[in-house]
Amino acid sequence: MAKDKDYKRMIHTMRWIKLRAGVLSAEPLCRRCNNNGFISAACEVHHIIPVEEGVTVADKERLMFNASNLMPLCHRCHVEIHVEMGRSGKQLNIKRAEKKREEFRKKFLDTPG
């Protein structure tokens, strides 16, 4: 589960709820299982590029609500993808925060020479 406050706010909006339902309705099978020759119902929607990668709220909203950044998955595949991505644990959260600080610095504080 994402810990980002902006993500938590957006995941409860009607805009997300409708988009999520639309993704699952349009593609009701788990994409990852299907690609591996299995049939499994999709019950979750995964952000291919994590919303937390956005530096600003606008960046996060683009990632959150971009249908091409979404993938329908079964619960098992969703958990597996997050484990494969290394998206859990305290050390990852520290690294992610350092990366975001650096991206913010480059985007807003660096001035052309």
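This is a predicted model: local features need pLDDT of at least 70, side-chain atom pairs count only at pLDDT 80 or more; totals for chains, interfaces and linings use all residues.
**Entry on the cores.** I looked up the largest nonpolar core, which has 13 residues, and read that Trp16, Val45, Val51 and Met64 touch the most other members. Such a core is a set of buried Ala, Val, Leu, Ile, Met, Phe, Trp, Tyr and Cys residues joined through side-chain atoms within 4.5 Å; buried means under 20% relative accessible area, exposed over 50%, and partly exposed in between, with a 1.4 Å probe and protein chains only. Helices H1, H2 and H4 each supply at least two residues of this core. I found a second, separate core of seven residues, and Cys33, Met71, Cys74 and Ile81 are among them.

**Entry on the elements.** I counted six helices and two strands in the protein, and from the N terminus on they run α-α-α-β-α-β-α-α. These are DSSP runs numbered from the N terminus, helices being H or I with at least four residues and strands E with at least two.

**Entry on helix H2.** Which residues of H2 are buried? I found Trp16, Val23 and Leu24, and they lie on the same side of H2 because they cover an arc of only 95° around the axis, the arc being that of the directions from the helix axis to the C-beta atoms. The face turned away from the buried side carries the exposed residues Met14, Arg15, Lys18, Ser25 and Ala26. What covers the buried residues of H2 includes helix H1 (5–10), strand S1 (44–47), H4 and S2.

**Entry on Asn69.** I located Asn69 in the loop between helix H4 (57–65) and strand S2 (70–73). Is Asn69 buried or exposed? Asn69 counts as buried, because its relative accessibility is 5%. Leaving aside its neighbours within four places in sequence, Asn69 is in contact with His46, His47, Ile48, Ile49 and Leu63.

**Entry on the whole chain.** I read that buried residues make up 34% of the 113 residues in the protein.

Notes:
Residues are numbered from 1 along each chain as its sequence is written. Side-chain values use heavy atoms; hydrogens and water are left out. Contact means heavy atoms within 4.5 Å.
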